[in-house]
Amino acid sequence: MCNLQTSSLYYHYLSHRFTAQSQSCPEKNGRYPVPDQCDAYIECVDGEPRRQLCPDGLLFNDKVSLFTYPCQYPIDVDCGSRTRTQPPIPTEDCPHQFGYYKVGDQANCGQFKNCAGGTAYVLDCPTGLAFNSATYQCDWPDLVEDCDAEAYLGFKCPAQAQGLVQPVRFFRAPNDCQKYFLCVDDRPRVNFCGPEQAFNELINACDGVANVTGCA
């Protein structure tokens with residue numbers, strides 16, 4: 001038979017273990033953030049806490065449901081004060097095992113790579129668009145912080161006459177009737193007319209080829 005002191009110590013152990021589990025598992029089943037690390041989390045299964053680590057490059061999103069994979073791309077996760085992450089596991093082509101990354105410099109903004117398991121898959125944005133690292137989307141180059149729209153598109157918006165500032169202007173490309181540039185706040189974007197059409201600078205719109213001088 002256990003004496004009173006032994007029973008007291010055993011009760012203290014059980015109480016401490018129960019309290020620790022209660023703090024780690026607010027509910028019997030669920031996933032909960034690790035206070036100081038954004039790519040780690042506690043997974044509770046039947047009240048038992050298990051520490052889990054997201055794949056390198058992904059972060060734990062505590063806002064998703066139990067039926068959704070909790071490790072997601074950084075743009076989809078608000079880490080708050082959980083600033084620490086595991087050391088990166090780079091490969092020859094990828095800075096992390098998972099993620100989307102721009103390919104090229106400020107004058108070559110139209111490609112990006114999707115890293116999956118350390119393997120890079122290079123993808124192209126639609127013509128004239130640039131990869132935006134802040135959104136993981138292809139965007140107008142003038143809206144992408146690390147893209148030089150003029151160098152990328154090979155077009156510089158002409159200077160405006162003093163006192164006649166227009167926020168949006170249109171210019172047909174010199175050697176391509178289907179191609180035209182929009183100057184938005186004096187920064188270029190490129191667009192294209194459809195088949196059998198040409199850009200008509202008289203109406204600032206795509207028109208039938210026969211209606212555009214020099215394009216028929």
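With -80 degrees about the S-S bond, the disulfide between C54 and C71 is left-handed; a disulfide here is a pair of cysteine sulfur atoms within 2.5 Å. C54 sits in the loop between β3 (48-53) and β4 (59-60), while C71 belongs to strand β5 (residues 71-72), so the link spans distant parts of the chain, 17 residues apart. Helices (H or I, at least four residues) and strands (E, at least two) are DSSP runs, numbered from the N terminus.

A quick word on what you're looking at: this is a predicted model, where local features need pLDDT of at least 70, side-chain atom pairs count only at pLDDT 80 or more, and totals for chains, interfaces and linings use all residues. Residues are numbered from 1 along each chain as its sequence is written, and side-chain values use heavy atoms, leaving out hydrogens and water.

How many disulfides does a search of the whole structure find? It turns up nine. Here are some of them:

| Pair | S to S distance |
|---|---|
| C25 and C44 | 2.1 Å |
| C54 and C71 | 2.1 Å |
| C94 and C115 | 2.1 Å |

Take C25 and C44: the torsion about their S-S bond is about -95 degrees, so this disulfide is left-handed. C25 is in the loop between α1 (4-24) and β1 (30-34), and C44 is in strand β2 (residues 37-45), 19 residues apart.

Then there's C94 with C115, left-handed with -95 degrees about the S-S bond. C94 lies in the loop between β5 and β6 (99-103) and C115 in strand β7 (residues 111-116), so the pair ties together parts 21 residues apart in sequence.

Are these cysteines buried or exposed? Buried means under 20% relative accessible area, exposed over 50%, and partly exposed in between (1.4 Å probe, protein chains only). C25 and C44 are buried, C54 and C71 are buried, and so are C94 and C115.
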